[in-house]
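Let's take a walk through this structure together, one stop at a time. Have the sequence and the 3D view ready as you read.

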Amino acid sequence: MLQVAREKEQFLSAYEALQRNVLPPEPAWLRETRQRALTRFEDLHFPTTRDEDWKYTSVAPIVETPFQPILDGAPDLPEADAARLTRVRALAPDARGWTQLVIVDGRVAPNLSSLPVRRDGLVVAGLSEAVQTQEAAVESHLARYARYETNAFTAINTALIRDGAVVYVPDGYIVEEPIHVVFIATSREAPTVVHPRTLVITGTGSQAVVIETYVSAQDAHVFSNAVTELVLGDGSVLSHYRLMLEGPSAYHVATTQVHQACDSAYTSYSIAMGARLARNDLNVLLDGEGADCTLNGLYVATGTQHVDHHTSIDHAVPHGTSRQLYKGVLDGRGRAVFNGMIRVRPGAQKSDAHQINRNLLLSEQAIVDTKPQLEILADDVRCTHGAAIGQLDDDMLFYARSRGMGEQTARGLLTYGFAAELIERIAIQTLRERLAQLLMSALRTGWEAKVRP
Amino acid sequence: MLEIRNLHVRVDRQEILKGVDLSVKPGEVHAVMGPNGSGKSTLAQVLAGHPAYTVTEGKVLFEGRNLLEMPPEARAREGVFLAFQYPVEIPGVANAYFLKAGLNEIRAHRGLPELDAIEFLQLLRERMRFVEMDQAMANRPVNEGFSGGEKKRNEILQMAILEPRLAILDETDSGLDIDALRVVANGINTMRHPERAMLLVTHYQRVLNYVTPDYVHVLLGGRIALSGGKGLALELEAKGYDWVKDEGPVPVAAEGGS
Ligand SMILES: Nc1ncnc2c1ncn2[C@@H]1O[C@H](COP(=O)(O)OP(=O)(O)O)[C@@H](O)[C@H]1O
Ligand SMILES: [Mg+2]
């Protein structure tokens, strides 16, 4: 118990400091939300491998590190990280018309962002600014979906909300160009913790593309504890890219909570190629009839990286459709976990759920634990799932080598081929090409990635 | 150019080839015939370096060098090409990219500069016209969803681009309609060259109506049981393979190295 108290101490004192010295006066609803989350946090404990949902992922390295909260204000980007930012920008080399919202060490960096956007009711703004200007949507939606009652990481993120991104798309509005939210963690002397927060609300019949990118400096010893809430109104369409490209010393724990109303369509592209330890929870509630979600995931773990994905689809009402394809590439001593929960509630008839997880092991030391979990409480449903773990195919390797390719080239090519199914689903061409390159450099095959000759 | 001596090969502890002797000189076309299961593909795969086959005895010299100790990519770079009986599908990898990656490594080995994207596309377009292949197939994943005939054309396309010194075509003619057969045969005839040798592995003589071999060999009982000129193919077509057994081993057609 004492041990537990010590683990939480640093977060509790961060709360004190934030309240005392940093936060501007804020609306009562937000103050109360914080306090509720903090109270829950005090009662909760950080998960251990004895918790079923955390069986294969130990967060001990996180809870045992004395992370410093970042309380200073001006988010100057140190020289060393400017290069990193250039690389982030390279994610979208011809991002003409994209709205960029850049958050450095937990604070919006206005000089790096094209903000605020307010046109025809569309809002793209920093969270602290949106709270101050009292965007009504923020009050009605913030912290209403991601459950801080049961998850210590979400609870402390909520208690320590400081800044982040807010996107509000009004009814019927179609945002043509992507909105790119970039969270950057810089390198500091002591280990630091940030609590990124994103809220996206799409009004009835609206459409948007939102990209969240998480990066950190090469040597940044940072813990990113991110929470994203996506709220889709009736018939709205949201494409959501989540690019987790943190540096090799980073820890990343994230919850993405999606709430879908009638006939809404949500497509997720979750790419995880970074961090020493990453845990991504993606929870989708199909709460209106005819809602449709497609979850695409690609993760890479090499060296001693550990990456854990938990998805949960809750078919709460009839006529919901869910499609999931997650693929993983593991090399070295990389370790991956995939856990996909599909829940169909009583009465959610005609639910249609499909889930696939495929893993490619490039080394004998790499490990994957994959587990589908089905909880089907309605009778008229279609539900399929599959999981596979395999190696590169010997016949394919021989075929490639018989055409003159060296073994490294052949392995790189086939690995790319395995991941291509997902990469090619990415509709934004610049992003697709960049991710193909990142994948190849993540695998360090020396094979220069090009999708097409 | 190619010298096979007393080659014994096992798969799964079963001996498939039991002392094959064969000698091929530059410019020659040899047909290797034999019933299903006689080991024709085993011979072809061993020459290309498939790791599943174990050579227990004998040797293979290519241009005077020990072929058996080279990895498959080294054989390809030295100029050995195998058109697979069952071309392999590679999901997610564009046909054109696959070919370019192979060609450029072969060129690098030969001290030639890499082809850039534009030069390669030009070459590819031209050779695709030559095998009458739809240009759109360049961007489709390697062999995935190709019909049987398209796969065989794709093998000929690869041969035309890689320009090997020794081409081994394993049943490239089988299962083809008459149009595809004409294209494949035309590909083979056009590639015939005084500096290039070909090994046509087939169990039908049909393709030999279009391509005239210099020698015909029968692989039976794990050995070359009979060798002859182009007329032997017709004889096999008329009489089947059973009578060959009674003839006993016959000296191979060409003797001596190249
Ligand atoms: N990779 C393999 N694994 C196991 N058995 C094989 C393999 N390849 C060939 N064989 C066996 O070797 C024999 C010869 O096959 P193959 O070389 O394909 O003959 P052909 O091409 O003349 O039809 C057959 O009995 C076949 O079952
Ligand atoms: Mg065969």
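**A tour from strand to ligand**

We start in chain A, at A:Thr294, which sits in strand β16, the stretch covering residues 292-301. Keep in mind that you're looking at a predicted model. Which residues does A:Thr294 touch, once its neighbours within four places in sequence are set aside? The answer is A:Tyr266, A:Thr267, A:Ser268 and A:Arg323. For a sense of scale, pick out A:Glu7 as well: A:Glu7 and A:Thr294 are 287 residues apart along the chain, and their C-alpha atoms are separated by 37 Å.

Next, some salt bridges. Counted over all chains, there are 31 of them. One to find in chain A joins the side chains of A:Arg188 and A:Asp105, with 2.7 Å from N to O. A:Arg188 belongs to the loop between β7 (179-185) and β8 (192-194), while A:Asp105 belongs to the loop between β2 (99-104) and β3 (107-108), so this pair ties together parts of chain A that are 83 residues apart in sequence.

Now zoom out to where the two chains meet. Chain A brings 26 residues to the contact and chain B brings 38. Between them, chain A and chain B bury about 2400 Å², and 66% of that is on carbon and sulfur atoms. There's polar work to see here too: eleven residue pairs are in polar contact across the two chains, counting pairs with both residues at pLDDT 80 or more. The count of salt bridges between chain A and chain B is two. One of them pairs B:Glu155 with A:Arg403, whose closest N and O atoms are 2.7 Å apart.

What does the chain A side of this contact consist of? Helices α8 (394-402) and α9 (407-423) of chain A each supply at least two residues to the side that touches chain B. α9(A) gives the most, with eight residues. Sorted by class, the residues on this side of chain A come to 13 nonpolar, five polar and eight charged.

Our last stop is ligand 1. The residues around ligand 1 are all from chain B, and they include B:Val11, B:Asp12, B:Ile16, B:Pro35 and B:Tyr53, along with B:Asn36, B:Gly37, B:Ser38, B:Gly39, B:Lys40, B:Ser41 and B:Thr42. By class, this shell has four nonpolar, six polar and two charged residues. Which element supplies the largest share of the shell? That's helix α1 (residues 40-48) of chain B, with three residues.

Look closely at the oxygen atoms of ligand 1. A polar side-chain atom of B:Thr42 is 2.5 Å from one oxygen atom of ligand 1. A backbone N or O atom of B:Lys40 lies 2.9 Å from an oxygen atom of the ligand, and a polar backbone atom of B:Ser38 is 3.2 Å from an oxygen atom of ligand 1. Taken alone, ligand 1 exposes 550 Å², and the protein buries 65% of that.

Terms used
Residues are numbered from 1 along each chain as its sequence is written. Chains are lettered from A and ligands numbered from 1 in the order in which they are written. This is a predicted model: local features need pLDDT of at least 70, side-chain atom pairs count only at pLDDT 80 or more; totals for chains, interfaces and linings use all residues. Side-chain values use heavy atoms; hydrogens and water are left out. A residue is near a molecule or strand if one of its heavy atoms lies within 4 Å of it. A polar contact is a pair of N or O atoms within 3.5 Å; within protein, one must be able to donate a hydrogen and the other to accept it, and residues adjacent in sequence count only if both atoms are side-chain atoms. Accessible areas come from the Shrake-Rupley method with a 1.4 Å probe; for residues, only the protein chains shown count as cover. Helices (H or I, at least four residues) and strands (E, at least two) are DSSP runs, numbered from the N terminus. Ala, Val, Leu, Ile, Met, Phe, Trp, Tyr, Cys and Pro count as nonpolar, Asp, Glu, Lys and Arg as charged, and the others, Gly among them, as polar. Contact means heavy atoms within 4.5 Å. Buried area is the accessible area (1.4 Å probe) that two parts lose on being put together, summed over both. A salt bridge is a side-chain nitrogen of Lys or Arg within 4 Å of a carboxyl oxygen of Asp or Glu.
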